[in-house]
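Dear colleague,

Please find below the model that I am handing over to you. My notes on its sheets, domains and interfaces follow it.

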Amino acid sequence: MQQAIRAQAVQEAPLFEGEQTYERITAQIGDIPFEKHPIGWTVAFGLGFAGTTLLIFAIAVLLLIGLGIWGINQPVAWGFAIINFVWWIGIGHAGTLISAILLLMRQAWRMSINRFAEAMTIFAVMCAGLFPLIHTGRPWVAYWLLPLPNWLAMWPQFRSPLEWDVFAVSTYFTVSVLFWYMGLIPDLAAVRDRAKSQLAKVINGILSWGWRNSAIHWMRFESAYLLLAGLSTPLVLSVHSVVSLDFAISIVPGWHVTIFPPYFVAGAIYSGFAMVLTLVIPFRILYPKLREYITMHHIDMMAKVMLATGLIVFYGYMMEAFFGFYSANLFEKYMITNRMTGPYWPVYWALIFCNGIVIQALWFPKVRHNLFWLFIISLIVNIGMWLERFVIVVTSLHRDFTPSGWGMYGPTFWDWATYIGTLGFFVMMMFIFARFVPMLAMAELKDLWYRLYGHRGGHNGHAPAKEPTHAPTSGGGA
Amino acid sequence: MERERDPMFWRSLNERYANKRQLPLYREQLAREFPPEAAPHSDLVSRRQFLKLMGASLAMAGLSACGYKPQGPVIARAKIPEEALPGESLYYATAVTLSGYAKGVLARVYEGRPIKLEGNELHPASLGSTDAFTQAEILNLYDPDRSQNLLKFGQIQPWQAFTSELMQQLAIQQAKKGSGVRLLTGIITSPTLADQIQTFLKAYPQAKWYQWEAVNHDNVYEGTRLAFGEWLNPIYRVRQAKVILALDSDFLYLGPAAVRYAREFADGRRVRENQREMNRLYVAEPMPTVTGFSADHRLPIHSSRIGLLALAIAQAVGASVQVEAAGELTPDERKWAEAVARDLMAHRGESLVIVGEAQPPTVHAIAHAINATLGNLGKTVVFTAPPEAKPTLCTNDIRTLAKEIEAGQVEVLIMLGTNPAYDAPADLNFAELIPKVPFSVHLSRYTDETSALCVWHVPESHPFETWGDARAFDGTVSIQQPLLYPLYANTRSALELMATINGQGGKQPFELVQSYWKGRNLVPAAQFDAFWRKSVHDGIVPRTALPIKSVALRLQPLPPLPEAGQGFEIRFAPDPTLYDGRFANNTWLQELPKPVSRICWDNVAFMSLKTAQELGVVGTESVALVHDSAPLVQIRVNGRTLVAAAYPIPGHVDNAITLHLGYGRTRAGSNGSGTGFNAYTLRSSDAMWFARGVEVVTTGQRYTIARTEEHHLIQHGQLDSTHHRPIMLVGTLQEFKEDPHLEKHRHGHAKNGELPSMYRGFKYDRYQNPQNYRYAWAMVIDPTVCIGCGACVIACQAENNIPVVGKQEVVRQREMHWLRIDRYFKGPVENPRTYQLPVPCMHCENAPCELVCPVAATVHSEEGLNQMVYNRCVGTRYCSNNCPYKVRRFNYYRYTYYKQPVLHLLQNPDVTVRGRGVIEKCTYCVQRINHARIQAKKENRRIRDGEIIPACQQACPTKAIVFGDINDPDSEVSRLRREPHLFAMLEELNTKPRTTYLARLENPNPELSAEAHDAASH
Amino acid sequence: MAHVATTTQPYGIMAEFDSPEALIEAARRTRLEGYRRFDCYTPFPIHGLTDAMGVREAKVPWTVFICGLIGALFGFGLQVYTSAIDYPLNVGGRDLISWPYFIPITFECMVLFAAFGAFIGMLAYNGLPAPYHPVFNVPQFARASVDRFFLCIESRDPKFDPERTRAFLQSLNPISISEVEP
């Protein structure tokens, strides 16, 4: 019975479009690096490159002159840098979620988007990691945060959440890279075997460590892959929890909130999926082939995850407001009132609109299947999540305990330049990735295809060993 | 910068000086290019220009690089061994003068360069404390903009050229008995200088000597003349007064004796568990002042109606005063006057009425009558002869001089120090007059507005560079001894210049001063050396205080009181930090948030909120006080106009504006020029302090103001800048008597000190054996006596090498002061209660800042100091975010004075100069703690209580700050921490601050205390 | 060819199949036949294949577990040592060993070490990187990463005999059979 339903579901929401063979899958994806690239690629890369140049310039000026070029002040000693840091880190989370958590949850639809999302994660974390570094007053000694007895034989101060960040973010980055690269090894091997030019053969040969598709290797590969997924899952939760503790550990009203960890994680996944959609939709246009593997079903699923996490985040906002008023704490109460009615009220309400109101549209399948509107919504969500961080960082700081110390914050040109710069860098990296690396996990797709339609895929068309009764997963057997 | 924002303002001034464009002064233009401390942080470009011009400042370095050994046998303060040990400072007693009157100071001289001024407890005007002006004087000494060269029409000339030309001119005058010679000086109390001038006047009998001070006390003298028939110098015994009435007088802050009065006022006000008496202060004034903020009852009233108030009180106390007065008091004012009168009468002989210098002589006379009637004469107020060398009425002097120049009678004009081209009454057009004088000489420390108009400019030495003497408010003479060799070769003091004119050019200033005092025969010649040594050493010459005159009231017929019409009124007042403008180039004073208004780098036209709204200056109330940019209004006073920024301030009287003097200077130097608006352009000799019939119209332009405190909550006419927060513990004396703990006001405050914690925490207990006795430093501040004068802020700045950041950065809320004075309003917008609270680092035992620093750059010492390790700081600024008191400061740029080598001489060698990108904050003056620790170790003893005095405590005129060791149960700070009305700011956060406060108590008159009460019990 | 075969021992003999099912079946029979040293090559992991080959091991999971343990201990130890033993400082009045603050970093170190364990372990046990391997000498083998499924019985196997092994593989009706040059 259950099998029937599942099989039906598979028919209705196909994970593949059109007839596939292992050959076709490999050719479609594996050949992209060798093909001529659409003009759109050049344009996007150009924009990204321009942004990167701006970023480098902004950082150079910052190092030469000092943090004063930013809008930060006392009391608002954290501004765009931290906002962007949290924003980027959050975006990163979708990748890990797709590759790790969905893998453990045996979601078949993750297969075709995980490689892409993981790449996004890595570049997003790069952008994120940049900010804490340059936002320090003396970046040239930022290495003092590493656990080395470096100055006056001193060690880092491990009670500080910022120190936790150092460990959490660097671990997160390392593990994400390992995870991504490991999944890439067999596909690089495939590219190596198809490469016409000697150079490509050699490079891919080296990068794939001489992978030879041995069954026993596959076995170890799979158990390692599954274990990495198992490790990444708590990791990804911990990372944004730690990021949220950057605020929650403090005593600043509006930061000192117990629900921060879960609600930050939800927010992270939320913004992450928004970013995946923001990227996938144009990529499907740029590379029509991808539509065969990233189908409306995938898009629909991502939209659903967005809706779910979005609702959690919205619940978080309501809880914050509730705590504020219910706490009977003078400062908390004022903080939330100030958010809603203070000088930054437009930001707060814009945030509610973006993250609370707009996503309600995703309840409707019509919207979830309309790429245009989905794209717009994903953009709005990205903005909304950025605004959320602005509200948390700025409106909490600018009026805390002692009114005599209150002030206002406004970004400067250099704040914007740095932010836009990282956006450029991110886009540039994504397109470099698309240019040189198989964008989708071919091996996993073939596996998926075999599990779903193996009987049709097999050449000597006899029925496959087993029906795709359970939701297939590459890790299932290990 | 701000200049562009207000073209009109600048156009007018350029026009004003258009004809003087042919006097290009190199540093003047250089200054325009880049205000040294101020602008460079504003953007890239100006920094680039900066580098181009580094050469210029390096040149200054060369000049300042000579030896700093003072000339003449100076005598070191005995509290430190006389021979200078490397690394040890010497303290020299000397005096700082402000419009002629001396305040005694001890200058800390480190390896030949003075770096800090501290009060001289032996000096009557100091009593060991100082005011903000005195603290900042040290920066004047090292001001890179000081004039260094002898100039003729702006061209550098040798001394020879000047003296020969001068002598030649004087030779011509000799023939006419000097009838064409005029001497213009500031008020002079210096006996030696006066002696030189008298010598000169003997040689030129027809020559005349005039004195001019923009902020003068003509009215005080005239008042005494009306009351007693002669010019007298009133001295108040504030300590003896139980009830004090100040009529338009800022006696706690301004004036030669302000520091002393503030101390005496505080002494009569400190409340302890076993000391439950408190004096009561009534203040009637148009614009809130330091004194007004300290009042138990304050009445906002036009200056022109103060007379009516005084008269009403006089009649109520039964003083027989006949004077014709137009106008009526409002019922409220009358009620107030009667209540005050009753209170005064209840304290005969121990009450005091003080009238400000702005009030016409009649009002002074009325006040004297009241004091006489109340039997205060000889008790709370005594009189001496004027301490000045030649008492005079400045306004008459300058008026006469102007007339004479007009009439072409003045051929040689020698000006010592004053700056009439800038601050003379506008109706005299002095700036036009000076060029009319064929031979004009101007001696001044800057090539200022007057120098630019004179034939000759002579650079003046700073008093710390030469010998001199000056009298205090009570006549006590201080010998000023030089603290270092003149920084610049060509500077001369007024005394030297006069000596040169008198043909005594050969004599050293030291000889001049000493020989003068030898000549006074105060002691037998044999004892003179000992006498001299003691005088110079102590900083005061014994037995020079003027004798108290016993006076009897002999009221002259009084001129009528000023027309107290209902028109719009303007009030001129000396600026709280720039005084009459002489401190315009002093960046410390420029950036010191002004007492009362908390504005820096500008003066503004203050007005009440109601008036501001009527003028359309501000919209809704809440907006009114949050905005950073103030609208520009055009002020028209009988024909003269000025465009100034309008700024509403609570407690200001309606239909009036108050303008502070001293701003809008064009040749103050690179920092002072172009700040604020020149109130002198509206001030005429017939209305020196206030005028009626003012028109104010908005221009539609706006002007950015730098303020350090901005936000206020106004709800239906009630102002509460604490936002109902339990920041301060406030109560009345009555409530204190009922319950010294003031429980009913301890809203948010945790009632029991210990709050639960997850951690065992650290114990700071002492060990008995002296070897490893452990100290626990703490500070207690008593806001009841704090008058918010800001002396502590400047003292802290001077002691701790705190940089100035400039207006732009203050606007961006990046001021660096380690110690700020919070100001909170409560009560009706028209006349709220005000509470002030000095806020240094709290040195919390559970410091939130330390916890969040990822590199342990801020940690706790075992003595409980919250230490900031600059060279470990990477600048995440999380500590600042997590500091509930917001006392941490961050170096967003490289703010330190590295661009002006001469300013390197100013730096305190005991305190690290912070670089870019690190956090800094109050250290409890740890360098002083360690200095004392070393002393104690050397003598193998414990540090004594009171041995360590942080800069703020030292400067504080009211001794509101006490620092010490709480592990010693007998230390003063321990005793204060046992007081029942002690509280810690934001106690409920369980930060366990080491800096705690006593409740702010006030002593309202039950008759009037309605609003005082509801203000106290928020 | 024969003498070549006698002079140089080949790496093994490789059979090519066109579907996973066929390969699994072949692997099962190869094992029944008594061969032990043989391996399969597939474009994607095929479940049940290793069972059919009779290979099972759990080296990687154990490695990851040990590494994780070491990581956690390292993380916590580092914090205790630095903040309580090597350079004790009074930070905000908190205890020297304020363990609740040490949890996050302990956890992160655990994950980091374990992740490296998984990655490096996998490569190490697989003997990667392998710059050269004989199987690549078989021309068709390029399709092992595309759509073909190979089974290679290695000459190291005691039961290996060029003729009989080839015959046996023939009996599994593969698409092709080829000898793998060493």
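**The seven-stranded sheet of chain B**

In this predicted model, chain B contains an open sheet of seven strands, in the order 25-19-24-21-23-22-26 and with mixed pairing. The edges are formed by strand 25 (690-691) and strand 26 (694-704) of chain B; each has a single partner strand, so one side of each is left without a neighbour in the sheet. Strand 25 of chain B runs antiparallel to strand 19 (residues 569-573) of chain B, and two bridges join them. Within that pairing, B:R571 has B:F690 of strand 25 as its bridge partner.

**The interface of chain B and chain A**

Contact between these two chains involves 56 residues of chain B and 57 residues of chain A. Together they bury about 4700 Å², of which 56% is on carbon and sulfur atoms. Three arginines, B:R725, B:R872 and B:R916, account for 16% of the area that chain B buries against chain A, more than any other three residues.

As to charged pairs, the count between chain B and chain A is one salt bridge. The side chains concerned are those of B:K886 and A:D400, with a distance of 2.8 Å from N to O. Several elements of chain B each supply at least two residues of its side that touches chain A: helix 4 (44-52), strand 32 (820-828), helix 28 (848-851), helix 29 (878-881) and strand 36 (889-890). Polar contacts across this interface number 42 residue pairs, counting those with both residues at pLDDT 80 or more.

**The interface of chain A and chain C**

Here 66 residues of chain A are in contact with 65 residues of chain C. The two chains bury about 5800 Å² between them, with 71% of this area on carbon and sulfur atoms. On the side of chain A, the residues that lose the most area to chain C are A:R159, A:R212 and A:R220, together 15% of what that side buries.

One salt bridge is counted between chain A and chain C. A:R220 takes part in it with C:E57, the closest N and O atoms being 2.4 Å apart.

The elements of chain A that give two or more residues to the side touching chain C are helix 2 (22-30), helix 6 (161-194), helix 8 (215-248) and helix 16 (442-457). Helix 8 of chain A provides the largest share of that side, with 17 residues.

**Chain C: domains and sheet**

The domain assignment divides chain C into domain 1 (2-56 + 133-180) and domain 2 (59-125). Their C-alpha centres lie 45 Å apart.

Chain C also has an open sheet, of four strands in the order 2-3-1-4 with antiparallel pairing. Strand 2 (38-41) and strand 4 (176-180) of chain C are at its edges, and each has a single partner strand, so one side of each is left without a neighbour in the sheet. On average, neighbouring strands of this sheet are turned by 20 degrees against each other, direction ignored.

Strand 1 (residues 12-17) and strand 3 (residues 149-154) of chain C run antiparallel and are joined by six bridges; C:M14 stands opposite C:C152 of strand 3. Helix 6 (residues 162-171) of chain C packs on the sheet and touches strand 1, strand 3 and strand 4 of chain C. The direction of this helix makes about 10 degrees with that of strand 1 of chain C.

With kind regards

Definitions and conventions
Residues numbered from 1 in each chain as written. Chains lettered and ligands numbered in written order. Predicted model: local features only at pLDDT ≥ 70, side-chain atom pairs only at ≥ 80, totals over all residues. Heavy atoms only, no water. Pairing = 2+ DSSP bridges. Axes fitted to C-alpha atoms, helices over the stretch in contact; angles between N-to-C directions. Contact = heavy atoms within 4.5 Å. Domains from an automatic or database assignment. Buried area = accessible area lost by both parts, 1.4 Å probe. Salt bridge = Lys/Arg side-chain N within 4 Å of Asp/Glu carboxyl O. Polar contact = N/O pair within 3.5 Å; in protein donor to acceptor, adjacent residues only side chain to side chain.
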